[in-house]
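Dear colleague,

Please find below the structure that I am handing over to you.

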Amino acid sequence: MRASQILIPTMKEDPADADVASHRLMLRAGLIRQVASGLYTWLPLGLRVLRKVEQIVREELTQAGAQEVLMPVVQPAELWQDSGRWDKMGAEMLRIKDRHDRDFCLGPTHEEIITDLFRREVQSYKSLPVNFFQIQTKFRDERRPRFGVMRAREFIMKDGYSFHADAASFAETYQAMFDAYTRICSRMLLNFRAVEADTGNIGGANSHEFHVLADSGEDVIAYAEGGSYAANLERAEAVTTLDQPPAPAAKLEKIATPAVRTIADLVELLGKPADALVKTLIVHGEESPIALVLRGDHELNEVKASKLDGVASPLRMATDAEITAAIGAEPGSLGVVGLQLPCFVDRSAAVLSDFVCGANETGYHYTGVNWQRDAALEEHQIKDLRNVMPGDPSPDGVGVMAYARGIEVGHIFQLGTTYSEAMSATVLDENGRDVAPIMGCYGIGITRFVAAVIEQNFDDAGIIWPEPLAPFSVHILALAYEKSEAVRDCADALYAACKDAGLDVLLDDRKERPGVKFNEADLIGLPHRITVGDRNLKEGKVEYRKRSETDSELIDQNDVVQHVLNQRS
């Protein structure tokens, strides 16, 4: 492609509303343009990258045995009513009516459509397992679209769904999808982690998210340094190295702690570290308030807490007035001695001795508290309630935990029979009985992948495309193309030779100053740059520079194609 024949509207200055590197660079490099909040037009350069992402995804899923289909963006309300989700979906689902006043929506996801297809076309267990996928537009009416295509309202997604007669069949397909996702990320030359993830309200034992590691990532990943364990922060298991508390060494004392409301206040007053303190949180229960007890330096993991038996859903913290009514003390003075509420104790808090906690009397705390002697631990349930912290031992015993930030680009998980049962999508088993198949769900954010790649591959000058996703592989900069016959002849010859060798090539044949061409070349970030100028051509040379490197070199103009091929290998 010649630059004079393709729309690449670059920008010199950073857009004011771009908060992350990918958004800023996609606008500046002319990959996208915003139409409205969360809605973007993909321009030629960006679309070439998008199509390369799609192709890699399509190849790997097909190799893994998935069949490609294409389902409609506009979906009838009847199917969502069948599943019971029409009234449950919030404002993110954009509902519309046709000219006959029938209800439809712009599909935020396609579980209902695929389950309807299955129930119409598959009747016997002998047809199982089946695994379908599509690459299709989704619309979710985000309250606050941000970060460019990272969290847009309209986006392209690969969503896949599988149907199985039994758990063993599902497990086999799940592993095949896990392996396919791993290959997809590897082919894009990304630094990524597959992490254990929370299964949410749907449940199921299997769930993994695939995260591209980047400082701008919205998600916190907990992983083991020196080990293989990794999970998102919501899911990561927090463990302790102690089996039981050390023997008591202090006596129980009640002390006045006026104006103490927080752990920080208590640390300042007593001069004790936060890990020697215990905090008691009160949440709504299904029948009565419930206490959650953690070490003073630990944070409650609300996802873990929301799954505790008897805890009301969604998780709600008790108000100050509700706490005072239930315990007789204000927040900041709560503790485990004499506590009369149902109580869950975090593992790390359960192995403390000689600790400090509230006295359940406003303005007072106990020091030297010990389980059993002062508070009967067997009356409470010991659970994992907290967020993992850096330095914690890994749950599998290999390495210690650390944090990283990630951009979620893929999620695979088990749907169980939630949709197949609700929508009566059954098959006849070997005994002639109707059974609801187990379903799996496998998503990849295609447009999000493009942004995630940039977040991991850029410098101060612009994007640095990894070879497999670059819109073009080779960028030929012809200096004074319109004036110099020698430059024009050489550039045209190199352009033709690159195409003959199967290389995607962009020839900058525009009437622009060299500085403009160099700056825009760095901004666009194609992997290989060839600069053709009169000065070097006098010696039969052109300048080669790899975008990921700072140094350039002179090479013979007849060796360009082979040199690029060698650099790609």
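Phe178, Tyr181 and Phe210 form one aromatic cluster, where rings of Phe, Tyr and Trp (its six-membered ring) pair if their centres lie within 6.5 Å, and planes under 30 degrees apart count as stacked, over 60 as edge-to-face and the rest as tilted. Please note that the model is predicted, so that local features need pLDDT of at least 70 and side-chain atom pairs count only at pLDDT 80 or more, while totals for chains, interfaces and linings use all residues. Residues are numbered from 1 along each chain as its sequence is written, and side-chain values use heavy atoms, with hydrogens and water left out.

Aromatic pairs

By the rule above, there are five aromatic pairs. In one of them, the ring centres of Phe118 and Phe163 lie 4.0 Å apart with their planes at 5°, so this pair is stacked. Phe118 belongs to helix α4 (residues 111–121) and Phe163 to strand β8, 45 residues apart, and the pair thus links distant parts of the chain; helices (H or I, at least four residues) and strands (E, at least two) are DSSP runs, numbered from the N terminus. Both Phe118 and Phe163 are buried, that is, under 20% relative accessible area, with exposed meaning over 50% and partly exposed in between (1.4 Å probe, protein chains only).

The rings of Phe178 and Phe210 are tilted, because their centres are 5.3 Å apart and their planes stand at 55°. This pair also links distant parts of the chain, with Phe178 in helix α5 (residues 167–187) and Phe210 in strand β10 (residues 207–213), 32 residues apart. Phe210 counts as buried because its relative accessibility is 1%.

Strands

Strand β7 (residues 130–139) is mostly covered, with nine of its ten residues buried. Ten bridges join β7 to strand β8 (residues 154–164) in the antiparallel sense; two strands pair if DSSP finds at least two bridges between them. Within this pairing, Gln136 has Met157 of β8 as its bridge partner. Strand β3 (residues 67–68) pairs with β7 in the parallel sense over two bridges, and Glu68 is the bridge partner of Phe133 in β7.

A separate entry concerns an open sheet of three strands, with antiparallel pairing and the order β4-β6-β5. Its edge strands, β4 (74–76) and β5 (95–97), each pair on one side only.

Charges over rings

The charged end of Arg48 sits over the ring of Phe472, 4.0 Å from its centre; the criterion is that NZ of Lys or CZ of Arg is within 6 Å of the ring centre and within 35 degrees of the ring normal. Lys254 lies over the face of Tyr364, at 5.2 Å from the ring centre.

Yours sincerely
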